[in-house]
Amino acid sequence: MIEIQNVSKRYGSVRALEDVSLRMEGSGVLGLLGQNGAGKTTLINILTGYLAPTSGRALLDGHDPLMEPAEAKRRLGYLPEQPPLYDEMTVREYLRFVAALKGVTSRAIGAHVDEVMELTGLTSMRNRLLGHLSKGFRQRAGMAQALCGDPDVLVLDEPTVGLDPRQITEIRALIHTLGRDHTILFSSHILSEVQQLCDHVVILDHGQVKLDASLAQLSAPEDVTVLLTVDAPEAAVLGRLRQLEGVRRATVQPCAQSGRTSVQLQFHREMEPERRLFALLSGMNIPILHLSRVGDSLEQVFLNVISQ
């Protein structure tokens with residue numbers, strides 16, 4: 001469980017965070033979004049115990065990282081944007097070292113490290129020096145150290161930055177798998193990545209929470225937007241479409257072929273727009289060439305939130 005309770009952080013007159021609260025229980029992935037300077041790194045530093053809040057508190061499975069650092073950090077795996085690696089150590093040596101730091105018993109370290117390397121795809125690199133690894137394998141090593149000690153909570157700060165497309169795909173697949181059994185706080189600037197991986201999203205702007213919602217809520221707005229293309233001129237259909245029950249707005253869209261009309265229609269959700277449009281246009285003997293719902297992307301939601 002991750003819980004942030006009314007956390008504020010000030011540096012003199014500068015307010016980095018202002019009364020931030022969020023909560024996530026059970027397994028899943030929570031996406032933390034915000035522009036540069038929005039307060040994401042400050043919030044992560046408070047949650048992981050690197051910073052003390054000016055007011056409020058953070059909890060990991062009910063333990064405060066400042067008041068109960070050993071108990072809180074035993075439940076935490078943290079991958080910062082730059083993985084904390086020792087280049088002169090081999091992968092296996094490093095992970096054994098981290099596992100010991102995290103309290104894994106000496107008899108269990110060997111099997112535990114082998115399991116973590118298998119999970120993160122590092123088994124073939126176990127005897128390679130960390131300083132000789134590619135960026136992708138260094139990121140995997142950083143993920144492996146976060147998993148040492150089998151923590152309940154993972155905090156991943158920009159885990160795919162600087163990776164090539166194949167490496168990004170592999171790291172995303174790993175995060176998706178880990179999200180089944182861990183509570184994950186996932187910070188990223190890549191909105192499509194957040195939309196693909198996360199169950200819940202929090203958007204920070206100027207140190208405040210501007211949106212706290214599940215992805216399911218974002219994909220199920222009060223209104224439904226439909227894109228319609230018909231084989232008829234605008235004058236023949238636009239007026240009738242605007243008069244259709246449940247239509248809030250009808251906006252003509254560019255259409256490459258003359259004699260055809262594309263319209264974006266906004267309906268009340270409960271009005272079953274596809275059924276109504278089909279009944280209207282079939283009665284007018286007008287062919288429907290395209291009919292689809294248009295969902296707001298996370299990018300559009302993000303832009304709307306920070307522009308308010």
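Trainee: Is Arg166 buried or exposed?
Mentor: Arg166 is exposed, because its relative accessible area is 64%. Keep in mind that this is a predicted model.

Trainee: Which side chain does Arg166 meet in a salt bridge?
Mentor: That of Glu170, with 3.3 Å from N to O.

Trainee: And how are Glu170 and Arg166 placed in helix α6?
Mentor: They are four residues apart in α6, which covers residues 165-178, so about one helical turn separates them. Glu170 has 29% relative accessibility and therefore counts as partly exposed.

Trainee: How many salt bridges does the structure hold?
Mentor: The count is 15. One of them joins Arg75 to Glu71, where the closest N and O atoms are 2.8 Å apart. Arg75 is partly exposed at 22% relative accessibility, and Glu71 is also partly exposed, at 30%.

Trainee: What about Glu272, which side chain does that one meet?
Mentor: Glu272 meets Arg275 in a salt bridge of 3.7 Å, N to O. Glu272 is partly exposed, with a relative accessible area of 44%, while Arg275 is exposed at 59%.

Trainee: Which residues are linked in a network of salt bridges?
Mentor: Glu3, Arg23 and Glu25 are linked in that way.

Trainee: Changing topic. How many helices and strands are there?
Mentor: The protein has 11 helices and 13 strands.

Trainee: What box do the C-alpha atoms fill?
Mentor: Roughly 80 × 50 × 30 Å, taken along the principal axes. As for burial, 47% of the 308 residues count as buried.

Trainee: Now the surface. Which residues form the negative patch?
Mentor: Glu115, Asp150, Asp152 and Asp181. Take Asp150 as an example: its place is the loop between α5 (135-147) and β6 (153-157). Asp150 has 55% relative accessibility, so it counts as exposed.

Trainee: And which residues make up the nonpolar patch?
Mentor: Tyr86, Phe97 and Leu101, which together have about 310 Å² of accessible area. Phe97 sits in helix α3, residues 91-101. With 35% relative accessibility, Phe97 counts as partly exposed.

Trainee: I clicked on Asp61. What is its phi?
Mentor: Asp61 has a positive phi of about 50°, although it is not a glycine.

Trainee: Why remark on that?
Mentor: Because most residues other than glycine have a negative phi.

Trainee: Where is Asp61 found?
Mentor: In the loop between β4 (55-60) and α2 (69-74). Asp61 is partly exposed at 25% relative accessibility. Asn285 also has a positive phi, about 60°, without being a glycine. Asn285 is in the loop between α10 (273-283) and β13 (288-294), and it is exposed, with a relative accessible area of 69%.

Trainee: Last one. Where is Val209?
Mentor: Val209 is in strand β9, residues 208-214. At a relative accessible area of 27%, Val209 is partly exposed.

Trainee: How far is the C-alpha atom of Val209 from that of Ser21?
Mentor: The separation is 7.6 Å, although Val209 and Ser21 are 188 residues apart along the chain.

Notes. Residues are numbered from 1 along each chain as its sequence is written. This is a predicted model: local features need pLDDT of at least 70, side-chain atom pairs count only at pLDDT 80 or more; totals for chains, interfaces and linings use all residues. Side-chain values use heavy atoms; hydrogens and water are left out. Patches are made of residues with over 30% relative accessible area and no salt bridge: like charges are joined within 9 Å, nonpolar side chains (Val, Leu, Ile, Met, Phe, Trp, Tyr) within 5 Å. Accessible areas come from the Shrake-Rupley method with a 1.4 Å probe; for residues, only the protein chains shown count as cover. A salt bridge is a side-chain nitrogen of Lys or Arg within 4 Å of a carboxyl oxygen of Asp or Glu. Lys and Arg count as positive and Asp and Glu as negative; His and the chain ends are not counted. The place of a charge is taken as NZ of Lys, CZ of Arg, CG of Asp or CD of Glu. Helices (H or I, at least four residues) and strands (E, at least two) are DSSP runs, numbered from the N terminus. Buried means under 20% relative accessible area, exposed over 50%, partly exposed in between (1.4 Å probe, protein chains only).
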